[in-house]
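Hi there,

Here is the structure I promised to pass on. Please have a look at it first, and then read my notes below.

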Amino acid sequence: MSGPLLRIFRLASLGALASLIAGLIRSARRQPPPPTSGVASWDPLSEEPPAPTRSGPVQFVDTGDATEPTATTEVVSPIAAMADLLTDDEPKAEADEAAEPEAGVDEGAASGWVEPDAEGGCPSSHPIKGNDQSKIFHVPGGMSYERTQAERCYCDEASAEADGYRKAKR
């Protein structure tokens with residue numbers, strides 16, 4: 001080996017040896033981590049509120065009626081559900097009369113929605129289209145509004161949200 005290469009080799013070896021010694025000294029000085037007990041030694045920053053539970057005005061009850069092969073549940077209005085809780089026969093009869101929809105009025109109209117027409121379109125009084133499978137509602141002017149076949153028509157967004165639907169993202 002020639003003189004300059006030997007000098008570079010010696011300097012590199014000294015540098016490697018010095019960094020090795022420095023690393024050993026640091027690891028010897030390092031304090032062991034404190035033992036963990038599994039319990040926090042500080043109070044939490046904030047207490048999270050409990051997750052809200054949703055309870056809508058519609059309840060489904062199994063009727064066991066074999067005359068309707070496609071539907072085995074019926075919609076019970078909140079008024080009828082409250083009427084079942086009453087023990088007096090007289091107030092219960094009044095509540096049952098109030099729960100019965102009027103002739104010619106759609107039963108969903110009391111809860112803020114109406115049935116769409118045969119083509120899946122909504123009347124101008126209830127322009128918001130709801131999809132039962134996805135539980136998403138579409139507003140006029142939305143990206144998918146025109147191609148959506150409505151299964152329920154709502155008068156406003158609040159009615160659709162109260163019925164458990166969420167607004168389409170686009």
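Asn131 itself sits in strand β4. Setting aside neighbours within four places in sequence, Asn131 is in contact with Ile136, Glu151 and Tyr165. Please keep in mind that this is a predicted model, and that every value I quote is computed from it.

**The overall picture**

The protein chain has 170 residues, and 21% of them are buried. Its secondary structure comes to 4 helices and 7 strands. Reading from the N terminus, the elements follow the pattern α-β-β-α-α-β-β-β-β-α-β. The accessible surface is about 13800 Å², and carbon and sulfur atoms account for 56% of that. If you take the contacts with a separation of 6 or more, 44% of them are between residues 24 or more positions apart.

**The sheet**

An open sheet is built from 5 strands in the order β3-β6-β4-β5-β7, with mixed pairing. The edges are taken by β3 (113-114) and β7, each of which has a single partner strand, so one side of each has no neighbour in the sheet.

Lys129 shows both pairings: its bridge partner in β6 is Cys153, and its bridge partner in β5 is His138.

Are the residues on the two faces of β4 buried or exposed? Ile128 and Gly130 on one side are buried, and so are Lys129 and Asn131 on the other, which leaves both faces of the strand covered. As background, side chains in a regular strand alternate between the two faces of the sheet.

β4 and β5 together form a hairpin, with 4 residues between them. In that turn, Lys135 has a positive phi of about 60°.

**Salt bridges**

How many salt bridges are there? The count comes to 3.

One of them joins the side chains of Arg152 and Asp132, at 3.8 Å from N to O. This pair ties together distant parts of the chain: Arg152 belongs to strand β6 and Asp132 to the loop between β4 and β5, 20 residues apart.

Another joins Asp163 and Arg152, at 2.3 Å from N to O. Here too the pair links distant parts of the chain, with Asp163 in the loop between α4 (157-162) and β7 (166-167) and Arg152 in strand β6, 11 residues apart.

Asp132, Arg152 and Asp163 are therefore linked in a network of salt bridges, given that a salt bridge is a side-chain nitrogen of Lys or Arg within 4 Å of a carboxyl oxygen of Asp or Glu. As for how covered these residues are, Arg152 has a relative accessibility of 13% and so counts as buried. Asp163 is also at 13% and counts as buried. Asp132 is partly exposed, with a relative accessible area of 33%.

There is also a salt bridge between the side chains of Lys167 and Glu157, at 3.5 Å from N to O. It connects strand β7, where Lys167 is found, with helix α4, where Glu157 is found, and the two are 10 residues apart. Lys167 is partly exposed, with a relative accessible area of 39%, and Glu157 counts as partly exposed at 31%.

**A nonpolar patch on the surface**

The last item is at the other end of the sequence numbering. Leu11, Leu14, Leu17, Leu20, Ile21, Leu24 and Ile25 form a nonpolar patch on the surface. Together these residues have about 700 Å² of accessible area. Leu24 is one of them, and it is found in helix α1 (residues 3-29). With a relative accessible area of 53%, Leu24 is exposed, because the cut-off for that is over 50%.

If you open the model yourself, the network of Asp132, Arg152 and Asp163 and the surface patch that includes Leu24 are the spots I have in mind for our next chat.

Best wishes

Terms used: Residues numbered from 1 in each chain as written. Predicted model: local features only at pLDDT ≥ 70, side-chain atom pairs only at ≥ 80, totals over all residues. Heavy atoms only, no water. Patch = residues over 30% accessible without salt bridge, like charges linked within 9 Å, V, L, I, M, F, W, Y side chains within 5 Å. Areas by Shrake-Rupley, 256 points an atom, 1.4 Å probe, with all protein chains shown as cover. Buried < 20%, exposed > 50% of the residue type's maximum accessible area, 1.4 Å probe, protein only. Pairing = 2+ DSSP bridges. Contact = heavy atoms within 4.5 Å.
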